[in-house]
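Hi,

Here is the structure I said I would pass on. Have a look at it first, and then read my notes below.

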There are 2 protein chains.
Amino acid sequence: MKLNTNYCNLSESYLFSTIAHKVSEYQAAHPDQKILRLGIGDVTLPLAPAVIAAMHEAVDEMSEKETFRGYGPEQGYDFLRGSIQGYYARRGISLDLSEIFVSDGAKSDCGNILDIFAQDNVVLVPDPVYPVYVDTNVMAGRKILYMNATAENGFLPMPDESVHADIIYLCSPNNPTGAAYTAAQLQAWVDYAHKNNAVILYDAAYESFAAEGAARSIYEAEGAKDCAIELCSFSKTAGFTGTRCGYTVVPQALVFDGMSCNKFWLRRQTTKFNGVSYIVQRGAAAVFTEEGEKQIRANIDFYRNNAKIVSDTLDRLGIFYTGGKNSPYIWLQCPNHMKSWDFFDLLLNEVQVVGTPGSGFGRNGEGFFRLTAFGSEETTREACARIEKLLGAGK
Amino acid sequence: MKLNTNYCNLSESYLFSTIAHKVSEYQAAHPDQKILRLGIGDVTLPLAPAVIAAMHEAVDEMSEKETFRGYGPEQGYDFLRGSIQGYYARRGISLDLSEIFVSDGAKSDCGNILDIFAQDNVVLVPDPVYPVYVDTNVMAGRKILYMNATAENGFLPMPDESVHADIIYLCSPNNPTGAAYTAAQLQAWVDYAHKNNAVILYDAAYESFAAEGAARSIYEAEGAKDCAIELCSFSKTAGFTGTRCGYTVVPQALVFDGMSCNKFWLRRQTTKFNGVSYIVQRGAAAVFTEEGEKQIRANIDFYRNNAKIVSDTLDRLGIFYTGGKNSPYIWLQCPNHMKSWDFFDLLLNEVQVVGTPGSGFGRNGEGFFRLTAFGSEETTREACARIEKLLGAGK
């Protein structure tokens, strides 16, 4: 038996383990210092009461023969797909139920969707990048091209007409940079995809943070249904990182050489997946009730407010950054041309604040640094005050 | 962009849609007739009280900031992996925690595990077969060999030394035939795998039904950790078909050309998966508590009793069958050399009993028929009485 040796080409990431190691070493040497973490990429607020109530009810249903649910549809229950359909409709995007697939999370779909594509497609990813886009394609042995996201283009790379790609990854609002495309910018990508007969994999996991003219869906661009798959999640929208639910939109219009992506994906999911827990789907559907939406909105506003505390601090310090406005991530340029890890050490050693070195996300991340808005307001304020004192001292 | 054209080689199965069509047509023509279904492959008893209580508690934990859980370990929480470890230990099988991976179900893992194998491996599956083994490999473009499961070998094919295979599928107790290997028979398969440098994918989804000398794990055979991956599920054990949880054992000793399957699978899961819902994992862990085990055992005994009602009926009729004793499935030879669909029509038209034509599971299923034990006791008794009256009339 031969293993898939493409796995040998994966590079190990030591980003988060190195951070953990440095932090615990520092804490051991300075047991009295209070370390503030602004590097967390995970939500911290509990699930909304409407979600909790719906899940309790669903658990009760599972306890009685009359209301017990066995195998559900692999694509998700219609009650949830209908809610998602309504969520898009309220933004002027019309989807057929058959175009919506419920999953256990966008990360799963992001990996699994590649099953339906041939091995010899050329992949285009931004740099810096969410590592899953790269690793899943390395596993399949695909050729990967990088497009530069830099301070010059506001970390929003636009199409390069001289480059041909078959599979294009866009993540907006972006992880890790927080930068968000406008609908007009997405239109340029859709036009490029049409010219190249390419598919866009659009990661909309952070769409609920989009504001101020930022697009929330690739389908805001005309013709996107011919060329784009959208991956979305309840993780950041509704705090489902540990509850696990997401969804993927595969339009019926997405056809290559006469073959339907929707039909292929349906076949993939019915063959290799058995649907999301009924209890979790009931919880996810509650996100779209009037009560649920209000509660979710309050949580997002809470994180947004933290992001504003960070970005206001950086504004006062005159530090360049992206994100913060349309995203729980703030991606800042390290002051004085410092390298990412040097800035990490400076913040940890001088003011006991932990963030994430940008160089961990790719070559173009060097010299940048990621802070997140998922902490408590108190931690965020205190961390920002310490950063401002440290970096503002020389001003 | 090129799609994975292997998908075009998948054959559509019309088995269950044809059954549904025939049944609804019959019901429309005979609105007063009561149709009894013994074709259900899904559990019908509600979740055990211990599982329900654990899930309510977990939902409550998700509602408070202090006990909220975000991202969990992709491989599953240690509390659940530890319970699974104990479940194996009580059967004399020692597993390291790192060898146990919790998933959203055996069907997902059954498809996803193929990611870590090269494309040019030769696959060996039994005929009749659970279609997922075939379809997932067709999607990857692998060569598939079939081994005959027939009345002659009790639907338990043994290794053919003249055939070379790299990936061997064994399902025991079997879906659809209910036949179950002994540990001695599995030893022959393990020896064959060693000789062929092959991997066995052992589907143990029905292990909790095994009795009377049937093996419950491939690891009951000596040396199996060098050559076998075991897939298991809470679906049939604890009624989790709609709750979704399973687990896969990938031993550390499973190494090919110096490469560790465990390491590859860990990398696959951390890259393309984000773990199972915390709530569901808490429910699954309750299955292994003293209270949970007692409740689960009662449910399995209930289904077993239904299986015995069916098999006792077939014994009295002198009809050959496999399963029933170690399995919720009873796989019977259609009387008078009838073909599977003819027997289906006979039962539907004459006694209004619905089962599953064996020919839907492969060439060797022709002339056989599957009944299941997942109905109510009343339905099972009534259906068997009708069958006995019909088929016993000529005796």
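Chain A has 12 helices and 15 strands. Keep in mind that this is a predicted model. If you want the outline, the C-alpha atoms of chain A fill a box of roughly 65 × 55 × 50 Å along the principal axes. Of the 395 residues in chain A, 55% are buried. As for contacts in chain A with a separation of 6 or more, 73% of them are between residues 24 or more positions apart.

Now the inside. The largest nonpolar core has 245 residues. Ile168(A), Ile200(A), Ile229(A), Ile168(B) and Ile200(B) have the most contacts inside this core, and the element that gives the most to it is helix 2 (residues 49-62) of chain B, with 7 residues. To see one of those isoleucines in its setting, go to Ile168(A): leaving out residues up to four places away in sequence, Ile168(A) touches Leu124(A), Trp189(A), Ala193(A), Ala198(A), Ile200(A) and Leu201(A).

Two of these names, Ile229(A) from the core list and Leu201(A) from the neighbours of Ile168(A), turn up again as a pair: Ile229(A), in strand 7 of chain A, is the bridge partner of Leu201(A). Strand 7 (residues 228-233) of chain A is mostly covered, with 6 of its 6 residues buried. Side chains in a regular strand alternate between the two faces of the sheet. Here, Ala228(A), Glu230(A) and Cys232(A) point one way from strand 7 of chain A, while Ile229(A), Leu231(A) and Ser233(A) point the other way, and all are buried.

What does strand 7 of chain A pair with, and in which sense? With strand 6 (residues 199-203) of chain A the pairing is parallel, over 4 bridges. With strand 8 (residues 246-249) of chain A the pairing is antiparallel, also over 4 bridges, and there Ser233(A) has Gly246(A) as its bridge partner.

Strand 12 (residues 329-333) and strand 15 (residues 368-372) of chain A run antiparallel and are joined by 5 bridges, with Trp331(A) opposite Arg370(A) in strand 15.

Chain B also has an open sheet of 4 strands in the order 11-12-15-14, with antiparallel pairing. Strand 11 (321-323) and strand 14 (356-357) of chain B are the edge strands. In chain B, 5 bridges join strand 12 (residues 329-333) to strand 15 (residues 368-372), and Tyr329(B) has Thr372(B) in strand 15 as its bridge partner.

While you are in chain B, check strand 3 (residues 122-127) and strand 4 (residues 143-148), which pair in the parallel sense over 6 bridges. The chain gets from strand 3 to strand 4 of chain B through helix 5 (residues 131-139) of chain B, in a right-handed β-α-β crossover. Met147(B) in strand 4 of chain B is the bridge partner of Pro126(B).

On to where the chains meet. The contact takes 66 residues from chain A and 66 residues from chain B. On the chain A side, the elements that give two or more residues are helix 2 (49-61), helix 4 (106-112), helix 5 (131-139), helix 8 (261-272) and helix 9 (278-286). Helix 8 of chain A has the largest share, 5 residues. By class, that side of chain A has 31 nonpolar, 20 polar and 15 charged residues.

Not counting residues up to four places away in sequence, Ile296(A) touches Ala48(A), Thr237(A), Ala238(A) and Val287(A). Leu145(A) is 151 residues from Ile296(A) along the chain, and their C-alpha atoms are separated by 37 Å.

Cheers

Notes
Residues are numbered from 1 along each chain as its sequence is written. Chains are lettered from A and ligands numbered from 1 in the order in which they are written. This is a predicted model: local features need pLDDT of at least 70, side-chain atom pairs count only at pLDDT 80 or more; totals for chains, interfaces and linings use all residues. A nonpolar core is a set of buried Ala, Val, Leu, Ile, Met, Phe, Trp, Tyr and Cys residues joined through C-beta atoms within 7 Å. A residue is buried if 20 or more other C-beta atoms lie within 10 Å of its own, exposed if 12 or fewer, and partly exposed in between; C-beta atoms are placed from the backbone. Two residues are in contact if their C-beta atoms, placed from the backbone, lie within 7 Å. Two strands pair if DSSP finds at least two bridges between them. A crossover is right-handed if, with the strands pointing away from the viewer, the path from the first strand over the helix to the second runs clockwise. Ala, Val, Leu, Ile, Met, Phe, Trp, Tyr, Cys and Pro count as nonpolar, Asp, Glu, Lys and Arg as charged, and the others, Gly among them, as polar.
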